[in-house]
Amino acid sequence: MLKTSRKQKLSIIIPCYNEEESLPHLADQLKMVEPDLLKKYELEYLFVDDGSTDNTVHLLKTLFKNKRTKILQHEKNKNLGASLKTAFKEATGDLILTMDSDCTYPPTEIAKMLALLDDQTDVVTASPYHPNGAVENVPKYRLFLSRTISSIYSLILRKRIYTYTALFRVFRKEMLKNVDIRSDNFLGVTEFLIFSILQGYKVKEFPTTLHVRKYGVSKMKLFSIISSHIKFIIYLLKIKIKK
């Protein structure tokens, strides 16, 4: 009797902070894609409530009440990078997918991104700034900041990647043994990708569309993010000079 191969397990990590307005839409979107994902993967959802002060926790427990879901909580707000660190420790999947709770990157594209993760690829990351990507109604200041930062990182690393700042990405869990993020804030998303590259892992971009948030408000603190990136850029330049 032939043995059937085990399905790979996919851990979907979704950080949340005061997202009561966006969670019903997220739940609807995930319900749409889940049947197809379950054909290929065993699923695990890890929601990290990052010290929300609104109705986020209650909605998470109500909308995602099933055996595939884990709800992790921070007693106080620690920011995005810290939320990812918390989830990485708890994830049990062979593959890990991180995504935004506000659906600025459509969950309906999860399967397309997963399809790009082949034997020659360790990380697939969403890339709206790729020539084949797009943005819709996103504030110009945010586009300028993200594109400029990504261009600077490409120059430093001599690695042509168009988008370094997208949370929407999938990678192999085994990478967590060698790749870590240091920052607790939004910089952690960029750090993970750059440290992956420095460790020799292969990155592939997934051209997609970045949409403006429809529900709730952005939690990004502009000046804090700019400061964090400047410090990280200086750190990378020092590494390159030493080499």
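## Overall size and fold

With 243 residues, a compact globule would have a radius of gyration near 18 Å, and the chain agrees, with 18 Å (taken over C-alpha atoms; the globule rule is 2.2 Å times the number of residues to the power 0.38). This is a predicted model, in which local features need pLDDT of at least 70 and side-chain atom pairs count only at pLDDT 80 or more, while totals for chains, interfaces and linings use all residues. Residues are numbered from 1 along each chain as its sequence is written, and side-chain values use heavy atoms, with hydrogens and water left out.

The chain has seven helices and nine strands (DSSP runs numbered from the N terminus: helices are H or I with at least four residues, strands E with at least two). Of its 243 residues, 51% count as buried (under 20% relative accessible area, with a 1.4 Å probe and protein chains only).

## Aromatic pairs

The whole structure holds ten aromatic pairs. Rings of Phe, Tyr and Trp (its six-membered ring) pair if their centres lie within 6.5 Å; planes under 30 degrees apart count as stacked, over 60 as edge-to-face and the rest as tilted.

The ring centres of phenylalanine 88 and phenylalanine 192 are 5.9 Å apart and the planes are at 50°, so this pair is tilted. Phenylalanine 88 is in helix 3 (residues 80-90) and phenylalanine 192 in helix 6 (residues 187-198), 104 residues apart. Both residues are buried.

Tyrosine 153 and tyrosine 164 have ring centres 5.7 Å apart and planes at 55°, so this pair is also tilted. Tyrosine 153 and tyrosine 164 are both buried. Ring pairs join Tyr153, Tyr164, Phe195, Phe232 and Tyr235 in a cluster.

Terms used. Buried < 20%, exposed > 50% of the residue type's maximum accessible area, 1.4 Å probe, protein only.
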